[in-house]
Amino acid sequence: MTTTQALTVRRNGTAATALLMGPALMAGYGVVRLVGRAVSDYGPGVWWSLAHLLFLAGVLVFVPVFLALRGLAGERGGGRTAATVAAWTGLLGAAAVVVQAVIDLTAGFAAADKQAMSEMFDRVQGVPGVMPLVYTVVPMLFWLGLLALVTLLAFFRRDVVRWWTPALVLAGTVVMAVNLDLLPVGALCLGVALMPVRRGLSA
């Protein structure tokens with residue numbers, strides 16, 4: 001095995017693990033959030049911090065996922081170009097979500113109670129540009145990029161990405177957007193959707 005082949009195998013192995021861990025960590029975030037809301041007011045404290053640490057880890061794990069999905073489009077041609085644009089769109093959204101998670105974690109650690117945490121959020125979100133860049137518009141690019149990637153690959157790489165994968169990714173995204181309490185369900189949809197991709201990378 002050449003050095004290039006060894007690097008490819010290692011990269012694919014990392015991506016295959018990320019495809020499993022990303023949805024799992026997001027599901028963990030949803031479960032911890034539900035438990036925290038059930039046993040406390042889910043403000044500053046252990047439940048808030050643990051949930052958002054899982055959320056942050058889940059988003060970061062999707063970075064190699066985007067890169068691996070882009071790689072599946074091939075080395076040249078229109079499919080590669082479209083996949084690259086979609087991947088960088090998703091990564092831009094991921095960066096915004098990471099900033100959001102860091103703000104949430106910082107507020108949770110710094111605030112003495114839920115009221116103080118709410119006031120911190122009001123101050124941060126009141127800064128011009130913060131809401132669209134960190135909370136409303138740019139974070140949606142994470143999901144749009146992921147959906148665009150799997151949709152493209154469902155056409156160009158049918159051997160790895162099944163035809164129903166984009167539908168499941170869309171369903172998971174919509175479910176989580178409608179109600180955060182359904183995060184575990186949405187994450188399960190993502191996990192099932194990406195499982196064939198993981199098997200293709202591991203093969």
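Let's start with Val39, which lies in helix 1. Helices here are DSSP runs of H or I with at least four residues, numbered from the N terminus. Val39 is exposed, at a relative accessible area of 55%. In this talk, buried means under 20% relative accessible area, exposed means over 50%, and partly exposed is in between, with a 1.4 Å probe and protein chains only.

Before going on, a word on what you are looking at: this is a predicted model, where local features need pLDDT of at least 70 and side-chain atom pairs count only at pLDDT 80 or more, while totals for chains, interfaces and linings use all residues. Residues are numbered from 1 along each chain as its sequence is written, and side-chain values use heavy atoms, leaving out hydrogens and water.

Back to Val39. Together with Val31, Val35 and Trp47, Val39 makes a nonpolar surface patch of about 320 Å². A patch like this takes residues with over 30% relative accessible area and no salt bridge, and joins nonpolar side chains (Val, Leu, Ile, Met, Phe, Trp, Tyr) within 5 Å; like charges are joined within 9 Å. The areas come from the Shrake-Rupley method with a 1.4 Å probe, and for residues only the protein chains shown count as cover. Helix 1, residues 3–39, gives the most to the patch, with 3 residues.

Now to Val46, which lies in helix 2. Val46 is exposed, with a relative accessible area of 67%. From C-alpha to C-alpha, Val46 and Gly36 are 8.5 Å apart in space and 10 residues apart in sequence.

Next, the charged side chains. Side chains of opposite charge can pair when their charged atoms come close. I call it a salt bridge when a side-chain nitrogen of Lys or Arg is within 4 Å of a carboxyl oxygen of Asp or Glu. By that rule, the count is 3.

Which residues are linked in a network of salt bridges? They are Arg33, Arg37 and Asp181. Asp181 pairs with Arg33, with the closest N and O atoms 2.7 Å apart. Asp181 lies in the loop between helix 7 and helix 8 (183–202) and Arg33 in helix 1, so this pair ties together parts that are 148 residues apart in sequence. Arg33 is buried, at 10% relative accessible area, while Asp181 is partly exposed, at 28%. Asp181 also forms a salt bridge with Arg37, where the closest N and O atoms are 3.7 Å apart. Arg37 lies in helix 1 too, so that pair ties together parts 144 residues apart in sequence. Arg37 counts as partly exposed, at 44% relative accessibility.

Another salt bridge joins the side chains of Arg157 and Asp159, at 2.9 Å from N to O. Arg157 is partly exposed, with 23% relative accessible area, and Asp159 is exposed, with 53%.

On to helix 7, residues 165–178. This helix has 14 residues and reaches 20 Å from its first C-alpha to its last, close to the 20 Å expected at 1.5 Å a residue; the expected span is 1.5 Å times one less than the number of residues. Its buried residues are Thr165, Pro166, Val169, Gly172, Thr173 and Met176. Seen down the helix axis, they fall within an arc of 130°, so they line one face of helix 7. That arc uses the directions from the helix axis to the C-beta atoms.

Definitions and conventions. Helix = DSSP H or I, 4+ residues; strand = E, 2+ residues; numbered from the N terminus.
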